[in-house]
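Q: Could you walk me through this one, starting with the aromatic rings and then going on to how the helices pack?

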Amino acid sequence: SHKNKKLNLNISVEIKLSYLNGLSRYQDELIRHIEELREKSWTFKDISEYLISKGYRSSRGKDLSPQLIERMYKKYLQKMERENFIDISLKTDNS
């Protein structure tokens with residue numbers, strides 16, 4: 001009453017891992033602060049003033065202007081969108 005059936009299964013995984021070497025520890029910490037404050041609806045100007053008051057500087061040692069904060073944040077979001085692409089698919093062949 002039991003029949004053996006052959007099942008062919010193809011598994012395909014596509015993951016982009018370049019983000020592993022993306023940001024320095026300092027940049028990562030800075031982005032985390034920016035991300036957290038943006039989630040609280042802070043403006044880039046307010047974030048800039050806050051981070052400067054905490055002693056943060058750009059990776060080149062300059063003041064963090066609102067424009068720089070905005071560029072950093074938007075570049076980070078684009079990078080995450082590009083690099084967090086994961087495609088996992090399963091295919092069965094029941095011939």
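Q: What lies over the face of Phe-44?
A: Arg-38 lies over that face, at 4.0 Å from the ring centre; a charge is taken to sit over a ring if NZ of Lys or CZ of Arg is within 6 Å of the ring centre and within 35 degrees of the ring normal. This is a predicted model, in which local features need pLDDT of at least 70 and side-chain atom pairs count only at pLDDT 80 or more, while totals for chains, interfaces and linings use all residues. Residues are numbered from 1 along each chain as its sequence is written, and side-chain values use heavy atoms, with hydrogens and water left out.

Q: OK, and how many aromatic pairs are there?
A: The structure holds 3 aromatic pairs, where rings of Phe, Tyr and Trp (its six-membered ring) pair if their centres lie within 6.5 Å, and planes under 30 degrees apart count as stacked, over 60 as edge-to-face and the rest as tilted. One of them is formed by Tyr-26 and Tyr-56, a tilted pair with 5.9 Å centre to centre and 40 degrees between the planes. That pair links distant parts of the chain, 30 residues apart, with Tyr-26 in helix α1 (residues 25–39) and Tyr-56 in the loop between α2 (44–53) and α3 (66–83); helices are DSSP runs (H or I, at least four residues), numbered from the N terminus.

Q: Is Tyr-56 buried or exposed?
A: Tyr-56 has 11% relative accessibility and so counts as buried, whereas Tyr-26, at 34%, counts as partly exposed. Buried means under 20% relative accessible area, exposed over 50% and partly exposed in between, with a 1.4 Å probe and protein chains only.

Q: Back to Phe-44, then: which helices does its pair with Tyr-73 tie together?
A: Phe-44 lies in helix α2 and Tyr-73 in helix α3, so the pair ties together parts that are 29 residues apart in sequence. Both Phe-44 and Tyr-73 are buried.

Terms used: Helices (H or I, at least four residues) and strands (E, at least two) are DSSP runs, numbered from the N terminus.
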